Amino acid sequence: MGFSFNIFRSIGLLIISLLLFNDVSFSQTCCSGGVPLSANIGLPASEKGAVQFSLSYDYNQLKTLKTGNSDLQDKLRERLTQSVLLETGYTFSKRFSADLFLSFVRQERHIFTPQGTNSTITNGIGDGVLLIKYNLLPENTTTSLLVGIGPKIPIGTTNKTNDIGIALSADLQPGSGAWDIVYWTTFSQALGFRPSMSFLATSTYRATGVNPDYLGSIKYEFGNELQIITGIADRFVIGKSIWDPSISVRYRRAKRDINNGVEIDATGGEWIFLIPGLKYSITPGIAANFSMEIPLYSFVNNTQLTPTNRFTIGLYYKIYKN
Amino acid sequence: MRLLLIGFVIVLFSYACTDVNPGAGNNTNTGNNTNTGISTEWLIPVNSVFDGGPGKDGIPALENPPKEAGAAVTFLQDNELVLGYFDGEKAIAYPHQILDWHEIINDVHNGTALAITYCPLTGTGIGWNPKIKGIFTTFGVSGLLFNNNLIPYDRKTGSNWSQAKLECVNGDLIGTEIETFQLVETDWTTWKTIYPETSVVSLNTGHDRSYGSYPYGDYRTNHNNLIFPLDIDDKRLDRKERVHGIIVDGRAKAYRFGSFSSNTTLINDSFQGVEVIVVGDASRNFIVSYYRKLNDGSTPTFTAVDENNIILEDDQGNKWDVFGYAVSGPAEGQRLRRTESFIGYWFAWGAFYPEAEIYDF
């Protein structure tokens with residue numbers, strides 16, 4: 001009964017959070033690899049005084065050209081975004097904690113033609129996020145529900161040019177040039193029939209701001225973005241090793257980008273991915289993790305490149321200060 | 001196991017963090033692509049040249065694509081725009097709905113090589129002669145834009161050209177002017193009525209694209225929708241109004257469809273000290289222009305006529321078609337001297353030809 005009450009109360013709170021943060025409809029720029037802020041932020045709840053670090057590498061390849069939900073038989077272009085993501089978290093009290101998320105981004109664009117391959121590559125510091133988190137159920141050992149809010153800080157480079165000084169488009173810039181607000185909610189519930197197994201759900205909503213001087217005179221806004229990740233994770237002890245496999249589904253919905261007040265047609269859409277993952281605990285405070293994304297469904301506005309392959313590999317380190 | 005994991009992660013991080021070129025991106029070309037884009041001298045302000053997003057050849061130009069008989073075409077709606085070319089013998093239509101996705105068609109029509117260049121963002125369609133300084137080339141889409149307008153590159157030298165300025169603006173051929181072919185932009189109904197034997201570029205282009213759908217949303221009709229900055233934003237007319245512009249000695253004059261009635265209408269005008277005749281038909285959706293003075297030095301008086309492909313007759317008993325060919329009369333076989341002209345959105349004329357005149361404004 002207690003289990004049922006807790007899970008229903010928590011799911012209710014999660015749904016309320018989503019409704020509060022979700023506006024009418026939702027995007028990413030045409031062909032944008034995009035810095036994977038929303039899918040990666042948010043360290044787990046921890047004890048007061050704990051310091052957590054997460055360092056991960058994210059590889060996101062886009063080479064599937066789609067119109068709506070139909071694949072086009074075209075392998076002319078490839079967009080590749082590789083990111084190094086560093087997240088540091090500190091738990092101030094049993095309820096309050098904060099995460100600081102920094103990124104370094106490498107953007108690649110390749111065009112394959114009979115005459116050869118044209119490549120454009122940029123890299124630089126990406127935007128950062130400061131996330132203030134509040135633990136709604138600090139005393140509960142089987143259920144966790146945290147909410148968070150914070151700014152996405154435009155510290156990323158936005159003025160990258162090609163080798164002859166020509167300004168590159170917004171989706172090739174490591175940063176966005178805009179202050180966003182990030183709303184974050186995460187929920188986990190240990191399952192009664194198998195306490196090592198848990199149900200996980202995370203939602204992130206990014207209310208995007210405006211880059212006021214894109215290309216010198218344009219007000220550019222990436223589309224607002226909603227992501228929901230839900231799945232299950234379990235723990236297995238094999239010999240002296242602890243392994244945590246997981247399987248989850250990520251739903252992403254993005255509005256069209258806005259250029260000087262006008263929506264850009266070939267931006268935004270909806271995507272669903274299946275994410276198998278595996279975490280290996282090296283020591284009680286150190287873990288390595290790997291996950292990949294398998295596209296299940298996508299609907300893009302007009303014609304866009306969409307994700308084809310993606311994986312993330314990372315290291316997690318936690319310091320206790322008791 | 002632990003060391004292996006940590007080592008693997010470090011290798012990946014190192015690769016992602018490799019700084020290719022601090023402050024600037026890195027462009028590379030592999031294979032036989034001759035356009036390295038390394039020239040830094042431009043005839044246009046380089047800080048007004050922007051990367052459009054898809055990248056060089058990211059919008060693939062077509063190379064001598066298959067054609068089909070116009071009578072068999074079912075994919076074109078009656079009011080869809082085409083760029084038409086007629087060499088005096090055979091006609092061909094290049095549909096906007098294909099050019100929206102490819103921007104350049106390198107073609108050979110009736111033995112003549114030509115490059116159809118079309119910029120969806122400025123609405124400018126111009127036929128280019130790909131024989132430059134005696135050498136044939138083809139053109140590709142550089143992925144760069146100036147005043148929202150297409151910058152083609154030639155595959156022989158890799159030089160970048162401004163479509164609307166009609167000249168090479170960067171590279172080995174900098175300063176070279178392009179020779180143009182006359183195209184007539186009109187709707188499919190008008191074109192197939194004038195040239196029922198026309199051929200049309202087929203949808204079997206070798207590329208999988210959504211040819212029936214326009215890739216830029218409401219761009220054609222939303223005057224506030226400009227994707228890249230303009231050097232000059234001339235607001236005398238709505239930005240997306242289609243006008244026929246004439247270029248003489250580097251200056252331009254624009255003629256609006258509203259200046260023409262729903263029958264073939266002739267405007268006798270002078271611009272930059274030369275007399276021009278501008279013929280248009282608002283209902284048939286075309287405007288063409290010629291110099292009044294013929295090659296033999298005579299200056300006949302013209303009258304508009306409405307006989308399908310024949311749009312003019314003169315006081316010497318000649319009848320002239322839409323491409324300026326004399327189809328009957330003493331001058332039969334001769335051709336009017338065409339102006340350097342094309343149709344485009346007004347904002348492009350305002351940006352490329354500052355203080356362009358507007359007829360009857």
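Author: Let us begin with accessibility: B:Asn64 is partly exposed, with a relative accessible area of 45%. Buried means under 20% relative accessible area, exposed over 50%, and partly exposed in between (1.4 Å probe, protein chains only). The model is predicted: local features need pLDDT of at least 70 and side-chain atom pairs pLDDT 80 or more, while totals for chains, interfaces and linings use all residues. Residues are numbered from 1 along each chain as its sequence is written, chains are lettered from A and ligands numbered from 1 in the order written, and side-chain values use heavy atoms, without hydrogens and water.

Reader: Where is B:Asn64 placed?

Author: Helices (H or I, at least four residues) and strands (E, at least two) are DSSP runs, numbered from the N terminus. B:Asn64 is in the loop between β3 (62-63) and β4 (67-69) of chain B. Although B:Asn64 is not a glycine, its phi is positive, about 40°.

Reader: What is the phi of B:Asn110?

Author: B:Asn110, not a glycine, has a positive phi of about 50°. B:Asn110 is in the loop between β7 (104-109) and β8 (112-119) of chain B, and is partly exposed at 32% relative accessible area.

Reader: Is B:Ser48 buried or exposed?

Author: B:Ser48 is buried, with a relative accessible area of 9%.

Reader: Which residues does B:Ser48 touch?

Author: Contact means heavy atoms within 4.5 Å. Leaving aside residues up to four places away in sequence, B:Ser48 touches B:Leu145, B:Phe146, B:Asn147 and B:Asp231.
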